[in-house]
Amino acid sequence: MKLKFALLFTTIALTLAACSSNQSENDKSEENGEKNKIEAVETSVAKSDGNVIDLVAKEAILKLNSEVTVDAWTFNGSVPGTQIRVTEGETVKIKLKNELSEPVAIHWHGIHVQNDMDGIPGVTQNAVQPGETFTYEFTPMVPGTYMYHTHQNAVNQLDMGLYGSFIVEPKEKTYDRDYTLMLDEWISNPEESNMEMSTNENGHMNHGEMSGEHGASSNEHDGNGMGHDMSVYDIFTMNGKSGDSIEPLKVKEGEKVRIRLANIGYVSHNIHLHGHKFKVVAIDGQELSEPQEIKDQLIAIAPGERYDIEFLADNPGKWYLEEHGDAGGTAGMKAIIQYEGNSDSKDKSDQNKNLPLFTFNNYGRSEAGKFTLDQNYDVEYTMNLNGNNDKNVWTINGKSFPDIDGLNVEKGDLVKVKLVNNSPKGVDHPMHLHGHSFQVLSKNGKTVEGSPIIKDTINLKPGDEYVVAFEADNPGNWLFHCHDLHHATGGMVDLIKYKGFQQSFTPDPDANNKPE
């Protein structure tokens, strides 16, 4: 049985439980003459229109390409799950039904929801047990590209496919075509990967060190004592498909095309649009001010980030939107830009070509944002990010969740946060803040000079220092964590706590809440 690679990263007990749960369910189904798993279906689109949207968490068999299928956990039988589309200011109700063998919950990544709708087991709600339901209700106000995904034992559940895209549409559109591509990574056959197992001093099993530094160091570990090597992800996918199985992006000459790129995986991806000038029009769901056209630059998209690009379809032919690099799964992350009525068959792909990386530091029209570096702030906070591969612990200011101090704020506080990545070479930390967006003020001591950059996820490479600011305008208890969820599971989770806030649920000790 082929499982997503993240199942290999838990303790022996959890690994056996995770791997055997599907097998035991299969055994039961065989005894009963039933089939629990079905083939994954194509991703559908759900618009609210005042009705309740149903999301059913269930198993399916996902075909990644012509040769590889994997066992997946899905929302509504597809990976990604049903795409949810609402109009800005529209209240949406989403009913989650859990048909899996483990508890689940849904986090609305990047959307400013009220705290009890954030979907964090043990922090904002109890995990939804097998056979039970939970209804989420909120009103997205900012048009843009967002995601939803499980936040219960997410290092495993999300990695098996429990995610989808969430698009908040503007009341007036300015584009003709609109595509969403969710970027992810899978391993084709973990049983045959050349991994050596050893026991550390704590009695946990570690994967032997392997080569490769694509998005993470070659011998990282999660908090359960297991190493993780990102280079063994050998299949990169767009919308759950790889290589020739990826649906072409059809365009018509003269159209303005928006492509929403959302990274739900654990590896950063460098994406290139061939044959066209384009604009980066939004980052993490927030529109940029007067973005200028660029060409032949790579968009580096870290876990949890979203980048929207737009281009004018003015160059008929066969072009690609593709990953660049030398990692094992790179060749499969390639979508054809297909002009209607054009029969050009010449392959213009060049995924090994070195191109410059796009940077937002001086991009777009320079204008004043809400915050500046030198204004007065009510709260100033530093987050030193570090990790210890020997002890398999990831820390913020020397502490690991849940044994942390957290950051106390009051409603209305202006908060400035300095984030510093002190981790070893090759270890990125894409830090994601729940319930809020922050303005990026500087990177490595240099002020952001172009369009104000508003984000909810910021990727720090080793040695990077970012200063960001936000207003504490959404009372609750909110996570601020690394979206390489191996690091989050290993403790790289902080908590923003509003003084005087009273949570609306009672933690259930029997709910098996696992918020990381």
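Which residues touch the most other members of the largest nonpolar core? In this predicted model, that core comprises 93 residues, and the positions in question are Ile 259, Val 280, Leu 321, Ile 337 and Met 431. Strand β11, spanning residues 177-186, contributes the largest share of the core, with five residues. A further core lies apart from this one and contains 28 residues, including Phe 75, Val 92, Ile 111 and Val 128. In soluble globular proteins, nonpolar side chains tend to be buried together.

The protein chain contains 516 residues, of which 59% count as buried. Its secondary structure consists of three helices and 37 strands. Among contacts with a separation of 6 or more, 76% are made by residues 24 or more positions apart. The chain exposes about 20400 Å², and carbon and sulfur atoms supply 43% of that area.

Confidence was examined along the chain. The mean pLDDT is 87, and 84% of the residues reach 70 or more. Where pLDDT is low, the predicted coordinates should not be read in detail.

Aromatic side chains were considered next. The structure holds eleven aromatic pairs. The ring centres of Trp 108 and Tyr 136 are 5.4 Å apart and the ring planes stand at 75°, so this pair is edge-to-face. Trp 108 belongs to strand β7 (residues 106-109) and Tyr 136 to strand β8 (residues 133-138), so the pair ties together parts that are 28 residues apart in sequence. Trp 108 counts as buried because its relative accessibility is 0%, and Tyr 136 is likewise buried at 0%. Trp 108 also forms an aromatic pair with Tyr 148, which is tilted, with 5.7 Å from centre to centre and 40° between the planes. This second pair links distant parts of the chain, as Tyr 148 lies in strand β9 (residues 144-150), 40 residues from Trp 108 in strand β7. Tyr 148 has a relative accessibility of 0% and therefore counts as buried. Trp 108, Tyr 136 and Tyr 148 belong to one aromatic cluster together with Phe 75, Phe 134, Phe 138 and Phe 166. Phe 75 is also a member of the core of 28 residues.

An aromatic ring is also involved in an arrangement with a charged group. The charged end of Lys 334 sits over the ring of Tyr 320, at 4.8 Å from the ring centre.

Another lysine, Lys 497, is located in strand β37 (residues 493-498). With a relative accessibility of 26%, Lys 497 counts as partly exposed. Its C-alpha atom is separated by 6.4 Å from that of Gly 476, a residue 21 positions away along the chain. Apart from neighbours within four places in sequence, Lys 497 is in contact with Gly 476 and Asn 477, and also with Asp 405, Gly 406, Leu 407, Asn 408 and Val 409.

Several features of the backbone were identified in loops. Val 79 and Pro 80 are joined by a cis peptide bond, with omega at about -5°. Pro 80 is placed in the loop between β4 (69-75) and β5 (81-87). A cis peptide bond is also found from Phe 401 to Pro 402, where omega is near 5°. Pro 402 lies in the loop between β27 (393-396) and β28 (407-409).

The loop between β27 and β28 also holds Asn 397. Although Asn 397 is not a glycine, its phi is positive, at about 55°. The relative accessible area of Asn 397 is 34%, so the residue is partly exposed. Asn 444, in the loop between β31 (438-443) and β32 (446-447), likewise has a positive phi without being a glycine, with a value near 50°. Asn 444 counts as partly exposed because its relative accessibility is 41%.

Note on methods: Residues numbered from 1 in each chain as written. Predicted model: local features only at pLDDT ≥ 70, side-chain atom pairs only at ≥ 80, totals over all residues. Heavy atoms only, no water. Core = buried A, V, L, I, M, F, W, Y, C linked by side-chain atoms within 4.5 Å. Buried < 20%, exposed > 50% of the residue type's maximum accessible area, 1.4 Å probe, protein only. Helix = DSSP H or I, 4+ residues; strand = E, 2+ residues; numbered from the N terminus. Contact = heavy atoms within 4.5 Å. Areas by Shrake-Rupley, 256 points an atom, 1.4 Å probe, with all protein chains shown as cover. Phe/Tyr/Trp six-rings, centres within 6.5 Å; stacked < 30°, edge-to-face > 60°. Lys NZ or Arg CZ within 6 Å of the ring centre and 35° of its normal. pLDDT = per-residue confidence, 0-100.
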